[in-house]
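Student: I am new to this structure and would like a close look at one part. Could you walk me through the place where the two chains meet?

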Amino acid sequence: MELINIEGTPKTPTVIMDPNSGVVEVKGRSIPENSIEFYKPVVDWLDEYAKGPAAKTVVNIRLEYFNTASSKCILDVFKKLEVLKKNSADVVINWYYEEDDEDMLEAGEDYESIIKVPFKMIQIVD
Amino acid sequence: MSDFLNQCYAQMHKGDIIVAYKGTISADIIADTLGLVESKLDDLLEQNLVRKKLYNVLVECLQNLYHHVDPVKNSESTHNFGAFVLSKTDNGYRISTGNMVRSEKSIVLKEKIDKINSLSKEELKDFYKFVLNNQTFSEKGGGGLGLIDMARKTGNKLEYKFSSYSSEYDFFNLNVLITE
């Protein structure tokens, strides 16, 4: 399986997915008009990855902004991780939020209440 | 047509204007506006949290506009016409957007906003999660979450006004307040 490394833009996040280490990183901004198009390779990659995942999968979500169009796609990504977890893989989602950014923390908690994967809320302190 | 739109546009102006635009709504216009607003907010030395909230809500407002502008038939000059005004008010910011919608959509939209405005903070959270988890997204990428998100993030009611343009079209004006 190939490593995915998508460089961030003012509208889309940096995405790094490493099949060997099992580390997935999504960081930056996710505010594209067409989010489905952007997230499709990410979701497809996870489908493939699920066939032979690493011993532990660590997903780091470190977003500054995301639009509601992206929120559904992020949920789709998490649903893939939920399947992975269901098939007894070790999965953890680290949800980063800036100090005092309650909106971002709440967004993480929304996902945590929907998705059956352990979440860790991590505050970024400057 | 043009007088009608100018009048609607004029009514959107309130407070100290930071950005005002009327014309064709395209992905480029939205990207340029977001860039411009971001640098303007840096100048205004707004605290990080207010800036983030404002930016988030502005993205939703502008992308809503982008996805939902109904082009008026037989009117070349107003193809994909939309307008937005961002202004500073006494206790925060105000985002005003305006676009033409087909009259049958106005009714659905009005019902949706009235419902959102009737919900408490907790109910909005549940409604957001329900729509997020249960509704399939349209090809446009909009998922009906934008308005709920605006109400949730600002904690304010969504103000709106429909002005009848013809039997087929209404001008839809939405005002969102971000208070400090």
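Tutor: Happy to! Let us begin with charges: across the interface of chain A and chain B, the rule finds 9 salt bridges, a salt bridge being a side-chain nitrogen of Lys or Arg within 4 Å of a carboxyl oxygen of Asp or Glu. Side chains of opposite charge can pair when their charged atoms come close. One such pair is B:E38 with A:R29, whose closest N and O atoms are 2.4 Å apart.

A word on how to read this: the model is predicted, so local features need pLDDT of at least 70 and side-chain atom pairs count only at pLDDT 80 or more, while totals for chains, interfaces and linings use all residues. Residues are numbered from 1 along each chain as its sequence is written, chains are lettered from A and ligands numbered from 1 in the order in which they are written, and side-chain values use heavy atoms, with hydrogens and water left out.

Polar contacts can be counted here as well: 14 residue pairs between chain A and chain B, both residues at pLDDT 80 or more. Such a contact is a pair of N or O atoms within 3.5 Å; within protein, one must be able to donate a hydrogen and the other to accept it, and residues adjacent in sequence count only if both atoms are side-chain atoms. On the side of chain A that touches chain B, β4 (56–66), α2 (68–86) and α3 (102–114) of chain A each supply at least two residues. These elements are DSSP runs numbered from the N terminus, helices (H or I) having at least four residues and strands (E) at least two. By class, that side of chain A has 9 nonpolar, 4 polar and 12 charged residues; Ala, Val, Leu, Ile, Met, Phe, Trp, Tyr, Cys and Pro count as nonpolar, Asp, Glu, Lys and Arg as charged, and the others, Gly among them, as polar.

Now for the extent of the interface. In all, 25 residues of chain A are in contact (heavy atoms within 4.5 Å) with 35 residues of chain B. About 2,500 Å² is buried between the two chains, with carbon and sulfur atoms giving 49% of that area; buried area is the accessible area (1.4 Å probe) that two parts lose on being put together, summed over both. A:E33, A:Y65 and A:T68 supply 26% of what chain A buries against chain B, more than any other three residues.

A:E33 also has a partner within chain A: A:K11 forms a salt bridge with A:E33, the closest N and O atoms being 2.9 Å apart. This pair links distant parts of the chain, 22 residues apart.
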